[in-house]
Amino acid sequence: MKKNKAFNMGAQAWSLALLLFLAACGGGGGGAAGNETPTPTPPPVPALSSQCEAGSVARLALEAAPLAGRNTELALLACEGATLSALQWTQTAGPALNAMSSRSQALSVEPTAAGAYQFELRYVDAKGRSFQAPVQFNSSSAAAATPALVVRGEPSVLAGGQTSLRAWAPGFSEAELAGAQVAWSQSGDASATLSGADGWRVIIKAPAVQRDSSLSLSVRLTLADGRTAMGQFSLLVQAVPGLPADPLFTSSNPVSRTYPYLAQGPYAAALRDCVFSPYLSRSNPNNTCTLGQLPSLGQTSGGAAPTVEQVMQRVVVSNDWMAEVFERFLREQDVNGDFRRMLAAVTAVVIGGQVRPAFYWSTTGAIYLDASYLWLTPAQRDSISEAVDPRSANGSTLAFATPWRYVLNNQHAVTSYAISARQSRSLNELPYDLGRLLYHELTHANDFLPPRVHASLDSSKRVYQASPANTASQQLAQTLPFFSQEMQGLASVLSFGATPTPVQDAYRPEDITRFFSQDRVNDDYSYSVPSGASVPREDAAMLVEEGMMQLRYGVLRDFAVTNQLQPGSSSADLVLNWGQRGRIGEPSIRPRLQLVLNDLLPWLPANFSAGLAAPLALRAGQTWGANLDQAALAAARVKPLTAQQRLNEQEQTTRVLRAR
C-alpha cells in the first residue's frame with residue numbers, strides 16, 4: 001500500500017541528488033581600472049530543496065517512498081514573488097517513463113520497475129536566469145500482499161481552475177470490485193471543492209491560492225468483504241498573482257496552463273502573452289495583440305494556403321502530444337486542404353486538456369480546442385480533464401430534447417471508447433469528430449476574417465476591429481433569415497442558462513417540432529445569439545459543419561425532437577416525435593449553406609452544395625437508438641443495439657450536453 005505522500009528532501013528512500021547551476025544570471029564585476037566602483041556580485045541563489053529560503057526561486061515537492069507500478073508525482077513550486085517558465089523535464093536514467101507533462105511544473109509518472117530514475121530539470125525565472133537540476137529517485141517494489149490503487153490525471157491546475165482525477169484498481173478482479181465503495185479525501189496547503197467523491201472519478205475545483213501549493217488527494221477502496229486499498233495523488237495548484245479585476249477569460253471559459261509548442265518560434269512571445277493568458281483584461285483592449293503583433297496566418301502566407309509548418313508556429317498546448325497529433329492530422333487527414341485554408345483566418349490554435357467547451361474568440365482571433373477530440377492512446381487521454389461542460393444542466397426542466405449524431409452507412413460515424421478499457425484509437429478515426437469541430441470553429445474565424453480581406457488587413461487593428469462590415473453571417477441574417485421566435489427564446493435557455501419561463505417549460509415535443517421543422521436552420525444551436533450581439537453567428541457555423549461533413553466525408557447528420565432525457569438514461573431510449581437525417585439537404589436550407597460557402601470557402605467548386613443528398617425522414621414513435629439503422633428499420637428487422645452502439649449513444653448523450 002502506498003503511504004506517506006510526503007514532500008521533503010531529507011535522507012529519504014528517494015536518495016535525492018540535486019545540483020543547481022546558474023546558467024544566465026546578472027553579471028558580477030571584477031576589479032575595475034581607475035576610481036570606478038566594482039559592480040557587486042549578487043548573492044547566490046540557494047540550492048533547490050524542499051523549502052523556500054531567502055532568495056530561493058523554487059522548491060521541489062516529491063514523494064518520500066515511490067513504488068513500482070504506482071503513480072508518483074514530481075513538482076516544482078515557485079517561491080513567493082517568483083514566476084517560472086520554460087520548464088523542461090528530461091529523463092536521463094532508469095527505465096523509460098511516460099512523462100506526458102514534461103514541459104509543466106509537475107509530472108505524474110508510473111515507475112515500471114524498482115530502481116534508480118533521474119530527470120534533468122530546467123527552468124527560467126522572471127529575471128531571465130536559467131537553472132538546471134538533476135533529480136534522482138529510487139523506486140521500491142510493492143509488496144504483493146498489499147495491492148494499491150493507481151491514480152491518473154494531469155498533475156497541475158491553475159488556481160481557481162477545474163480538473164479531474166480517476167482511480168484504477170489493477171490488482172483486483174471484476175468480481176472483487178462488485179459492490180465496492182470508493183471515497184476520496186484531501187489534505188495539504190489548501191482545500192479544494194470535490195465533486196463525485198464517492199466514485200472512481202473525482203472533479204476538482206482548485207482553491208484560489210496566492211502561492212503555488214500542493215494538494216494531496218487520497219482515494220480509499222473498500223471491498224464487499226471488508227478489505228481496503230489506497231491510492232494517492234499530489235496535485236500542484238499554481239498561483240496566478242496579480243489577476244485583473246475583470247479577466248477576459250471567466251468561469252464559463254476559464255484559462256488553463258498552456259505554452260507555445262515551438263518555444264523558439266517567431267510568434268512564441270505573442271502567443272504566450274495575448275492568446276490564453278490569465279492577465280488579459282476586458283477593460284483593457286490594448287493588452288491583446290494587434291494584427292501587426294500577431295498576424296493572421298493568411299497575412300503571412302501570401303494568399304496561399306498556410307503550410308503545416310506555418311500553422312505549427314501558432315500552436316499553443318498544455319501537453320506536447322496534442323500538437324504532435326494535430327500536426328499528424330493536418331499532414332495525413334486534411335487531404336482536401338480545407339482545414340489549412342480555413343486556418344488562414346486564425347492567429348493561433350490553442351489545444352488544452354482543460355479547455356471545455358471548444359470555442360473561437362474574435363478578441364484574440366484564436367480557436368480553442370478541447371483535447372478530448374485528439375487523443376490516440378490511453379496515456380494521452382489520462383492528461384485530459386473529465387470535468388463536465390459548465391452548461392450541461394441548461395434546460396433540464398424542459399419537456400423535450402434535441403439529440404444529434406453523425407452517421408456513416410447506418411452506423412455511428414464516431415466510435416466511443418470506455419475509459420476503463422484503456423484502448424487506443426487510430427488517426428483515421430479523427431476526421432469524423434475533430435473534423436466536424438474544425439469546420440465549425442473555423443467557420444467562425446472565417447466569418448470574422450473572410451479570405452477576401454486577408455491581403456488588405458490593417459495591422460494596427462485587432463481581429464474584431466478589422467472584421468468587414470458585411471460578413472457571411474450578416475448576409476445570411478439579412479437575405480435568408482430564420483424566423484422562429486419561440487426557438488430563439490429557447491436558445492437563451494439551452495445555450496446560455498437562462499431560466500425557462502412557464503410557457504417554455506410547458507412546451508411539448510410536438511410544439512418544438514412545429515416551431516423547428518417549418519424553419520430553415522439545420523440545428524437548434526443555430527438560434528444562439530449571445531447577449532449584446534446582433535448577429536447569429538452559430539447559424540453559419542452549423543450550416544458549414546453539417547454540409548462539409550457530408551460533402552467531404554459522406555457522413556450524414558441526424559437531428560430529432562424527442563421527450564426529455566432523464567438523469568442516468570441514454571439518448572438511445574428517447575422516443576422520436578420528429579427527425580431527419582441530412583436536414584442540410586432541405587431545399588429551403590441548401591441556398592443558405594451555399595451563400596456561406598461562397599464567401600468563406602471560395603476555393604470550392606461553384607454550387608458545391610448541389611452534391612448534398614435529399615434528407616431522409618426518421619421514424620416517429622421509434623426510439624432514437626432504433627432509428628440508427630434505417631435499412632433495418634425499413635425492413636422491419638430492428639435489433640437491439642449492441643453494447644458498442646449503446647456506448648456510442650451514451651457518449652453522444654454527453655456530447656449533446658457539451659455542445660450546448
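User: Which residue in β7 is the bridge partner of L121?

Analyst: In this predicted model, where local features need pLDDT of at least 70, side-chain atom pairs count only at pLDDT 80 or more and totals for chains, interfaces and linings use all residues, the partner of L121 is A133. Residues are numbered from 1 along each chain as its sequence is written, and side-chain values use heavy atoms, with hydrogens and water left out. Strands (E, at least two residues) and helices (H or I, at least four) are DSSP runs numbered from the N terminus. Two strands pair if DSSP finds at least two bridges between them.

User: How many bridges join β6 to β7?

Analyst: Strands of a sheet pair through backbone hydrogen bonds, either parallel or antiparallel. Here β6 (residues 115-125) and β7 run antiparallel, joined by 10 bridges. The two form a hairpin with 4 residues between them, and G128 in the turn has a positive phi of about 85 degrees.

User: Which side chains of β7 are buried?

Analyst: Buried means under 20% relative accessible area, exposed over 50% and partly exposed in between, with a 1.4 Å probe and protein chains only. In β7 (residues 130-139), F131, A133, V135, F137 and S139 point to one face and are buried.

User: What is the strand order in the open sheet of 5 strands?

Analyst: The order is β16-β17-β18-β20-β19, with mixed pairing. Its edge strands, β16 (259-260) and β19 (359-361), each pair on one side only. β19 pairs with β20 (residues 366-370) in the antiparallel sense over 3 bridges, and Y360 stands opposite I367 in β20.
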